Amino acid sequence: MEEKIVKSHIMVCTSNELSPVEHSLIDNAVEATTRSYARYSNFKVGAAVLLDNGSVVVGCNHENASFPAGICAERSALYAAASSYPDSAPKMLAIAAKGTDGKLLEEPILPCGICRQVIVETETRFDCKLHILLYGQKYIYIIDGIENLMPLSFTKL
């Protein structure tokens, strides 16, 4: 039997260590939390995608009484970007969330497994690695490429 070790590379920084572009994208993700429809969980998530054409597209989570019918903020933003700008590759993705108390989370929010797989497909489609910013008030995770969150992903058939 052979053992394989899988490692992830995640940078941890504070807000004052971000570039102006990263700050702006996080601000867009935070603002998108205000558009969330989280009637059942009251957990509001916002996401913002920066495209290679300079456009920023935002998304937020939307819940539904039929739980599988909802959508996460990450997928909402990535799908809106692909629908509006099908030939523009995403460069950066920022994600922020407010807890049930209505306050921004102290620690970064992480994408669910389905969203991670959608990010894998997005990177594969555009042959790029996304610069992912996961916002928390204490610190921010900076991740270059989804393989650092999902190293054993499902790719092309």
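Me: Before we start, what pLDDT do side-chain atom pairs need in order to count?
Reply: Residues are numbered from 1 along each chain as its sequence is written, and side-chain values use heavy atoms, with hydrogens and water left out. As the model is predicted, local features need pLDDT of at least 70, totals for chains, interfaces and linings use all residues, and side-chain atom pairs count only at pLDDT 80 or more.

Me: In what order do the six strands form the sheet?
Reply: Strands here are DSSP runs (E, at least two residues; helices are H or I, at least four), numbered from the N terminus, and two strands pair if DSSP finds at least two bridges between them. S1 and S3 stand at the edges with a single partner strand each, so one side of each has no neighbour in the sheet. The sheet is open with mixed pairing, and its order is S1-S6-S5-S4-S2-S3.

Me: How much does that sheet twist, on average, from one strand to the next?
Reply: For this, axes are lines fitted to C-alpha atoms (for helices, over the stretch in contact), and angles run from 0 to 180 degrees between N-to-C directions. From one strand to the next, the average comes out at 20°.

Me: Which residue in S6 is the bridge partner of cysteine 13?
Reply: S1 (residues 11–13) pairs with S6 (residues 140–144) in the antiparallel sense, over three bridges. S5 also runs antiparallel to S6, with five bridges, and there tyrosine 135 has isoleucine 140 as its bridge partner. For cysteine 13, the partner in S6 is isoleucine 140.

Me: Which backbone oxygen does the side chain of glutamine 137 reach?
Reply: Glutamine 137 sits in the loop between S5 and S6, strands joined by a hairpin through four residues. Not counting residues up to four places away in sequence, glutamine 137 touches Leu104, Leu105 and Glu106, where contact means heavy atoms within 4.5 Å. At 2.8 Å, its side chain reaches the backbone oxygen of leucine 104.

Me: Is glutamine 137 buried, partly exposed or exposed?
Reply: The cut-offs are under 20% relative accessible area for buried, over 50% for exposed, and partly exposed in between (1.4 Å probe, protein chains only). Glutamine 137 has 41% relative accessibility, so the label is partly exposed.

Me: Which residues touch the most other members of the largest nonpolar core?
Reply: A nonpolar core is a set of buried Ala, Val, Leu, Ile, Met, Phe, Trp, Tyr and Cys residues joined through side-chain atoms within 4.5 Å. Strand S2 (44–51), helix H2 (73–84), strand S4 (90–98), helix H3 (113–126) and strand S5 (131–135) each supply at least two residues of the largest one. Of its 23 residues, those touching the most other members are Ile95, Ile119, Ile132 and Ile146.

Me: What sort of aromatic pair do tyrosine 40 and phenylalanine 67 make?
Reply: Rings of Phe, Tyr and Trp (its six-membered ring) pair if their centres lie within 6.5 Å; planes under 30 degrees apart are stacked, over 60 edge-to-face, and the rest tilted. Tyrosine 40 is partly exposed, at 37% relative accessible area, while phenylalanine 67 is exposed, at 62%. Their ring centres are 6.0 Å apart and the planes are at 80°, so the pair is edge-to-face.

Key
A polar contact is a pair of N or O atoms within 3.5 Å; within protein, one must be able to donate a hydrogen and the other to accept it, and residues adjacent in sequence count only if both atoms are side-chain atoms.
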